[in-house]
Amino acid sequence: MNEGFVNRIKILLEHYELGVSAFADRIGIQRSSMSHILNGRNRPSLDFVMKLVKTFPEVNLYWLLNGKGEFPENRNPTSSLLSIAEPKTIPEVRLEDQIENLSNTDSGKEISKIVLFYADGTFETFHQKKQ
């Protein structure tokens, strides 16, 4: 993972036309930490990843971590404006029903926990109650 991750960080540096030090300053980490990540000495921490995507929200997290998807994301500005102008209502669903739906797969595996990560860096954990 580290080599591909480092290559994607280099793509970000080039895209934003930032040097390593300026990039580190921008996302709020120590310059030495950034250097250690790029040299393969250290693996990126969750804190590093969260600061990066918070500073550059157009970075697709899945692309950053796995190299799948695209950067920059191909977004249609008109559709983004429409989605802001016209709020959508999401039907209320019970978490227990969703867990049950996800658990009813052919794999025979049972879901025991779901973790929701929010854009502000917080998260919630939901545990499946045994019946």
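Visitor: How many helices and strands are there in the protein chain?

Guide: In this predicted model, the protein chain has seven helices and two strands. Along the sequence they follow the pattern α-α-α-α-α-α-α-β-β.

Visitor: What share of the residues of the protein chain count as buried?

Guide: Of its 131 residues, 22% count as buried. As for contacts between residues at least 6 apart in sequence, 44% join residues at least 24 apart.

Visitor: Why are H2 and H4 called roughly perpendicular to each other?

Guide: Helix H2 covers residues 20-27 and helix H4 covers residues 46-55, and they pack at an angle of about 90°. Angles of 65 to 115 degrees count as roughly perpendicular, and H2 and H4 are therefore described in that way. Their axes lie 9 Å apart.

Visitor: Which residues make the contact of H2 with H4?

Guide: From H2 come Phe23, Arg26 and Ile27, and from H4 come Phe48, Lys51, Leu52 and Thr55. By class, this contact has four nonpolar, one polar and two charged residues.

Visitor: What makes H1 oblique to H3?

Guide: The axes of H1 and H3 cross at roughly 125°. Roughly perpendicular ends at 115 degrees and roughly antiparallel applies over 145, so H1 is oblique to H3. The two axes come within 9 Å.

Visitor: Which residues of H1 and H3 make the contact?

Guide: On H1 they are Phe5, Val6, Ile9, Lys10 and Leu13, while on H3 they are Met34, Ile37 and Leu38. The contact of H1 with H3 has seven nonpolar, no polar and one charged residues.

Visitor: Which residues of H3 are buried, and how do you know that they are on the same side of H3?

Guide: Met34, Ile37 and Leu38 are the buried residues of H3. They cover an arc of only 95° around the axis, which puts them on the same side of the helix. These buried residues pack against H1, H2 and H4. Just after H3, Gly40 takes a positive phi of about 80°.

Visitor: Why are the buried residues of H4 said to line one face of the helix?

Guide: The residues in question are Phe48, Val49, Leu52 and Val53. Seen down the axis of H4, they fall within an arc of 120°, so they line one face. They pack against helix H1 (2-16), H2, helix H3 (31-38) and helix H5 (61-66). On the other side of H4, Leu46 and Lys54 are exposed.

Visitor: How do you know whether Lys54 is buried or exposed?

Guide: Lys54, which is found in helix H4, has a relative accessible area of 64%. Exposed means over 50%, so Lys54 counts as exposed. Its C-alpha atom is separated by 7.6 Å from that of Ala119, 65 residues apart along the chain.

Visitor: What makes Arg8 count as buried?

Guide: Arg8 lies in helix H1 and has 11% relative accessibility. Buried means under 20%, and Arg8 therefore counts as buried. The C-alpha atoms of Arg8 and Gly67 are separated by 7.5 Å, although these residues are 59 apart along the chain.

Visitor: What phi does Glu17 have, and where is its place?

Guide: Glu17 has a positive phi of about 55° although it is not a glycine. Most residues other than glycine have a negative phi. The place of Glu17 is in the loop between H1 and H2.

Visitor: Why is Glu17 called exposed?

Guide: Its relative accessible area is 73%. The cut-off for exposed is over 50%, so Glu17 is exposed.

Visitor: Where in the protein chain is confidence lowest, and where is it highest?

Guide: Confidence is lowest in helix H6, residues 77-85, at a mean of 47, and highest in H2, at 94. Over residues 78-85 the pLDDT is below 50, and beyond near neighbours in sequence this stretch has one contact in the model. Where pLDDT is low, the predicted coordinates should not be read in detail. The mean pLDDT of the protein chain is 79, and 69% of its residues reach 70 or more.

How values were computed. Residues numbered from 1 in each chain as written. Predicted model: local features only at pLDDT ≥ 70, side-chain atom pairs only at ≥ 80, totals over all residues. Heavy atoms only, no water. Axes fitted to C-alpha atoms, helices over the stretch in contact; angles between N-to-C directions. Helix = DSSP H or I, 4+ residues; strand = E, 2+ residues; numbered from the N terminus. Parallel < 35°, antiparallel > 145°, perpendicular 65-115°, else oblique. Contact = heavy atoms within 4.5 Å. Nonpolar A, V, L, I, M, F, W, Y, C, P; charged D, E, K, R; others polar. Buried < 20%, exposed > 50% of the residue type's maximum accessible area, 1.4 Å probe, protein only. Arc of directions from axis to C-beta. pLDDT = per-residue confidence, 0-100.
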